[in-house]
Amino acid sequence: MGSICFSLALCLTLFTSISLTKSANDFTSPYLSPTIFSPNYQKMLKNFKIFIYTPQNPFSSNSSVESLFYNSLQNSPFVTQDPNEAHLFFVAFQFEHSARAIARVIRDLRMEFPYWNRTLGADHFYVSCAGIGYESDRNLVELKKNSVQLSCFPATADKFIPHKDITLPPLANSQSHDPQHTPRIDNASARHLGYVRNGAIKESTLVEELRNDPDFVVDSQPSDWRSYVDRLSRSDFCLFEYGADTLGIGEAMRFGCVPVVITDRSIQDLPLMDVLRWQDMAVFVGSGRGVKQVKGVLDGTCEGRRRLGVTASQHFVWNETPQPYDAFHMVMYQLWLRRHTIRYARREMD
């Protein structure tokens, strides 16, 4: 999918209700292709096969979301022991591997198996929060340009290729899955226009203006999870600075707080960009705006986005044991969309 550029000065069209089973003519869905998503997802569950190359050393990572994805994949029904029926091939790297060591892994795969050379790695994928840089080694060039990289969000710009790579939905606080804490999006009492958690936006003139405006709450680190949930569920908008502390976007949507992303450039690595209509669930504003301009953009844009976000937030939940439509399955769905790669027919023996 091509990159999506979000206008920093325009508030986009409102939507009001949402369901996984909406009709093709109902534009209240958070999905880019509402009629295709559900049947295609079911096809994925039934047909998708992944072959995992056995790593020379046990897989390890310093990222919780990387480890959770790898463990979920290993124990999933998507894994096949027959590489000839696989749609995609997974290459497991150690997080501490140097570029030279990764190149050596690809070289060994090229020599030992026939699958890499068929597509020059286009039907392979790997997970790396650090990302792969541009190198001169042939093995790394093919890995970088052809294979799908699963990155942590937000991704390093020069180590992420938007039309090919995927960002993992951020791993939320585990307490957000507590069934006691359900979204409260219709409670109009003691509501705030906007909420900023300490650290979500760096100190700036805008933050000072927000702190002095009674319509916004600029909070230090909440004392407990219940207080944090209360802030989210009683605020119309939650402000994040892109690249600084955007990991709470999924949590904000879950509790009915519309994300406001402060950025001065187009964003090409939002989680689930192949699936969700981000322009209808979030607001994007430039960093140079003052509080009056921000309030002008936010005015009247809340209700439809809130409902879309609450529905879409189910796709940001990571479970120890994967559940339907959760973060793991949505990453797999995006991989499923990338399964159509060039395959060369094997020559038949005479």
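Visitor: What sits over the ring of Trp336?

Guide: This is a predicted model. The charged end of Arg339 sits over the Trp336 ring, 3.5 Å from the ring centre. The cut-off for that distance is within 6 Å.

Visitor: Which residue has its charged end over the ring of Tyr134?

Guide: Lys144 does, with its charged end 4.7 Å from the centre of the Tyr134 ring.

Visitor: Which residues form one aromatic cluster?

Guide: The cluster is made of Phe48, Phe69, Tyr70, Phe78, Phe90, Phe125, Phe328 and Trp336.

Visitor: How many aromatic pairs does the structure hold?

Guide: There are 25 aromatic pairs.

Visitor: Why is the pair of Phe37 and Tyr333 called edge-to-face?

Guide: Two rings pair if their centres lie within 6.5 Å, and planes over 60 degrees apart count as edge-to-face. The ring centres of Phe37 and Tyr333 are 5.2 Å apart and the planes stand at 85 degrees, so the pair is edge-to-face. This pair links distant parts of the chain, with Phe37 in helix H1 (residues 34–47) and Tyr333 in helix H11 (residues 327–337), 296 residues apart.

Visitor: What makes Phe37 and Tyr333 count as buried?

Guide: Buried means under 20% relative accessible area. Phe37 has 3% relative accessibility, so Phe37 counts as buried. Tyr333 has a relative accessible area of 4% and is therefore buried.

Visitor: Why is the pair of Phe51 and Tyr53 edge-to-face?

Guide: The planes of Phe51 and Tyr53 are at 90 degrees and the ring centres 5.6 Å apart, so this pair is edge-to-face. Phe51 is buried at 11% relative accessibility, and Tyr53 is buried at 4%.

Visitor: What caps the N-terminal end of helix H5?

Guide: Asp137 does: one of its side-chain oxygens lies 2.8 Å from the backbone nitrogen of Asn139. Helix H5 covers residues 138–146, and its buried residues are Asn139, Leu140, Glu142, Leu143 and Lys144.

Visitor: What do the buried residues of H5 pack against?

Guide: They pack against helix H3 (99–112), helix H4 (115–119) and strand E3 (124–127). Seen from H3, the cover over its buried residues includes H4 and H5. Those buried residues of H3 are Ala101, Ile102, Ala103, Val105, Ile106, Leu109 and Arg110.

Visitor: Why does Ser151 count as buried?

Guide: Ser151 has 2% relative accessibility, so it counts as buried. Ser151 has its place in strand E4 (residues 148–152). Leaving out residues up to four places away in sequence, Ser151 touches Ser128, Phe160, Ile166, Thr167 and Leu168.

Visitor: With which side chain does the side chain of Ser151 make a polar contact?

Guide: The partner is the side chain of Gln149, at 2.7 Å. For a polar contact the N or O atoms must be within 3.5 Å.

Visitor: What is the peptide bond from Phe153 to Pro154 called?

Guide: That bond is cis, with omega near -5 degrees. Pro154 lies in the loop between E4 and strand E5 (166–168). Most residues other than glycine have a negative phi, and most peptide bonds are trans.

Visitor: What is the phi of Leu120, which is not a glycine?

Guide: Phi of Leu120 is positive, about 55 degrees. Leu120 is in the loop between H4 and E3. Phi of Tyr325 is also positive, near 65 degrees, and Tyr325 is in the loop between helix H10 (303–312) and H11.

Visitor: Are these two buried or partly exposed?

Guide: Leu120 has 37% relative accessibility, so Leu120 counts as partly exposed. Tyr325 has 15%, so Tyr325 counts as buried.

Visitor: How many helices and strands does the protein have, and what share of its residues is buried?

Guide: The protein has eleven helices and ten strands. Buried residues make up 53% of its 350 residues.

Terms used
Residues are numbered from 1 along each chain as its sequence is written. This is a predicted model: local features need pLDDT of at least 70, side-chain atom pairs count only at pLDDT 80 or more; totals for chains, interfaces and linings use all residues. Side-chain values use heavy atoms; hydrogens and water are left out. Rings of Phe, Tyr and Trp (its six-membered ring) pair if their centres lie within 6.5 Å; planes under 30 degrees apart count as stacked, over 60 as edge-to-face and the rest as tilted. Helices (H or I, at least four residues) and strands (E, at least two) are DSSP runs, numbered from the N terminus. Buried means under 20% relative accessible area, exposed over 50%, partly exposed in between (1.4 Å probe, protein chains only). A charge sits over a ring if NZ of Lys or CZ of Arg is within 6 Å of the ring centre and within 35 degrees of the ring normal. Contact means heavy atoms within 4.5 Å. A polar contact is a pair of N or O atoms within 3.5 Å; within protein, one must be able to donate a hydrogen and the other to accept it, and residues adjacent in sequence count only if both atoms are side-chain atoms.
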